[in-house]
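Thanks for coming, everyone. I'll take you through one model today, starting with a helix on a sheet. Please have a look at the screen.

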Amino acid sequence: MSADIGGTFTDIVLYDREKEDYNSAKVPTIKENLSKGVLDGIATMIDDFSEVEFFVHGTTAGLNAFLERKGADIALIVTKGFRDVNEIGRANRSEIYNIQYRQPEPLVKRRNIFELDERVLYDGTVHKEVSEDEVNKLIDEIEDAGYESVSIALLHSYKNPENELKVLDVLKKRNNKFSISLSHNIVREWREYERTSTTLINAYIAPIVENYLNQFEEQLEEKGTENDLFIMQSNGGVMTSEVAKDKPIQTLLSGPVGGTMGGVTLGEQTSNDNLICVDMGGTSFDVSMIINGEPDVTSEVNIEKFPILSPMVNMHTIGAGGGSIAWIEGGGLRVGPHSAGAVPGPVCYGKGGIEPTVTDANVVLGRIDPADFLGGNMKLDFEGAYKAIEELGKQLGLGVYETAEGICEIANAKMADAIRTLTISKGIDPRDFTLVAFGGAGPMHAMFIAENLGINKIIVPASAGTFSAWGMLQTDIRHDDVRTYVSLLRASDEATMKNLFNQMILNSESVLKSQNIDPNNIKHNKQYDLRYVGQEYTVTVDENPESKNFYDDLEKDFHDMHLNIYGHNNPEGAVEIVNLRVVSYGLLDKNPHRKLEENPEKISNFEKTNQVFWNNKQVDTKIYNLEKLAVNEELEGPIIIETETSTIVVPHNFVAKLDDTKNLLIEKER
């Protein structure tokens, strides 16, 4: 079983081993008590919680605390003389032509930073040991000030963590209740500012994530669940909640990443190696990519202008969802980023919302049937939506249907631009990819977005409305480790690298075994962060275990990847190693969708005909139920296909076909 908490709805997916099939449900997200929404959703599907063998959860507790600046009060302990590393940051400006650009407000103020008279040299030599008396004095100050969390980022601890571990020993002797974040434990990598920033963010969200997971575990135990709770990681793997409490920074993109990992499995099912995955829910629109069958994972990201050295699926998010509010600014129509959320929600929800949204526009256009929303489990207020959009249209001098289509077109354009950010701006042609659309609102807008980008193939996966939750059940336990090793590739010391890799493998195996993974189900992938000499940023290249000429093959792969990513390379240039990485997996059982039998007649009977607006013209449109479609029958648009968790809108010039694993394959007519 899996659960994904969204801004508007919480998605639950259950795999029934006896029936060998998936069931899903959507319930409103309860912002005041997120775990209650999850438990309520589970209760609609099962009576006995003790029957749950495996449960994975995507949580937004840490991300919300970080984005809303509602994290813990933190103290930072640094090496004497380096109190200002975090505030100075980097001199580069990420928005060089923005004259109003401002650096983000630091998470910790200077008065909350404490210096420790210790020193580790760049090569790992301990030049000055930690004084236990001095640490005790610092802890006295920290305790008196009432901090909730302590972050420790000492100079060069990535090379030798001895002094950080001594500080930890003193903290443990004091038996205090701080959340403690050690920089070498969070990220064992050079660059003092980035490592300090990453450790600070971990400390900032740690108490919030710990409290949330502790409460959720207690509630599950009260319900009768005995097995471990697993949490989705930002890198595409899962981990037990105990590991998540130690490294909460790995939960930042916990929810959206489930859809990306579902995309990997979907690509295997449909023989598509290159996918653009788009998740449109009630609040946001998330874009990620599958390249050559693997998720696009980056080792460094920036969130809210803060650098984070932690492997995460490369994802771009904008405020565009079904609940995005349409409004007027300077006489022009705008959509989002503000959302009506779950409460009060769009006007059509009838919960007190008064501002028209994208969902209201789809209701007015006839693309959502008010009587059959979410499989008929939720009735919508058509009149309320109509009046809200009519009032907005009057201010613009437009009719109600023109206004509704305008709202959808603006939302579609914004979402297409979000995809361009991950593709065209990096030299990638989106027309070479297949678009995978999911989330409650994704399949309603996918074909229009694809048309904006010139993409001809679209896949709407089975259980599209709850696909991110489904994707969480298609993952493995994952652990990442890194060591900084700087050397020219051709001059590198193989014995030193082998020793560092062995250290990481032993550490990874220890972490995976603590999560009850059989040693026979553990696999490791060695990686190298490479760059041309003189460059600042690196490209991560996998080691080919079957390579017969290590240096030549690794160098060639680097040149090829550099060309693909940046559009140029320098095959004659000297290549440098910066970091060594190990990505370790604890393999878990996965359950594919049960295959459907093909109907020899290939005939799908439509449920009804509704009046739907297409290009400001009202057209009699056939409405189908996904569960009753014949496998491999081609259905020409315009049609609408309804499911219990989403609505699929297929406009003119598109043809849809159901495959034998319940995925809807849609192509634009040539």
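Helix α5, residues 162-173, lies across β6, β9 and β10. Its direction is about 170° to β10. Lines fitted to C-alpha atoms give the axes, for helices over the stretch in contact, and angles run from 0 to 180 degrees between N-to-C directions. Contact here means heavy atoms within 4.5 Å. Helices (H or I, at least four residues) and strands (E, at least two) are DSSP runs, numbered from the N terminus.

A word on the source. This is a predicted model: local features need pLDDT of at least 70, side-chain atom pairs count only at pLDDT 80 or more, and totals for chains, interfaces and linings use all residues. Residues are numbered from 1 along each chain as its sequence is written, and side-chain values use heavy atoms, with hydrogens and water left out.

Back to the sheet. In what order do its 4 strands run? The order is β6-β5-β9-β10, in an open sheet with parallel pairing. Two strands pair if DSSP finds at least two bridges between them. β6 (113-116) and β10 (179-182) stand at the edges with a single partner strand each, so one side of each has no neighbour in the sheet. From one strand to the next, the twist averages 20°. Between β9, residues 149-153, and β10 there are 4 bridges. S149 sits opposite S179 in β10. Helix α7, residues 192-223, lies across β5 (74-79), β9 and β10, at about 160° to β9.

Next, helix α1, residues 34-43. Why is it largely enclosed by the rest of the structure? Because 7 of its 10 residues are buried. Buried means under 20% relative accessible area, exposed over 50%, partly exposed in between (1.4 Å probe, protein chains only). The buried residues include L34, V38 and I42. They pack against β1 (2-5), β2 (9-16), β3 (21-28), β4 (55-58) and α7.

By salt bridge I mean a side-chain nitrogen of Lys or Arg within 4 Å of a carboxyl oxygen of Asp or Glu. K36 is partly exposed at 39% relative accessibility. D40 is partly exposed too, at 33%.

The structure has 36 salt bridges. Take R174 and D140, whose closest N and O atoms are 2.6 Å apart. R174 is in the loop between α5 and β10 and D140 is in helix α4 (residues 132-145), so the pair ties together parts 34 residues apart in sequence.

Now D369 and K608, also a salt bridge, with the closest N and O atoms 2.6 Å apart. This pair links distant parts of the chain, 239 residues apart: D369 in the loop between α10 (358-364) and α11 (382-396), K608 in strand β29 (residues 608-614). D369 is buried, at 14%. K608 is partly exposed, at 22%.

Last stop, the core. The largest nonpolar core has 149 residues. Such a core is a set of buried Ala, Val, Leu, Ile, Met, Phe, Trp, Tyr and Cys residues joined through side-chain atoms within 4.5 Å. F55, F285, L664 and I666 have the most contacts inside it. Leaving out residues up to four places away in sequence, F285 touches residues including V278, M280, I318, M415 and I449.
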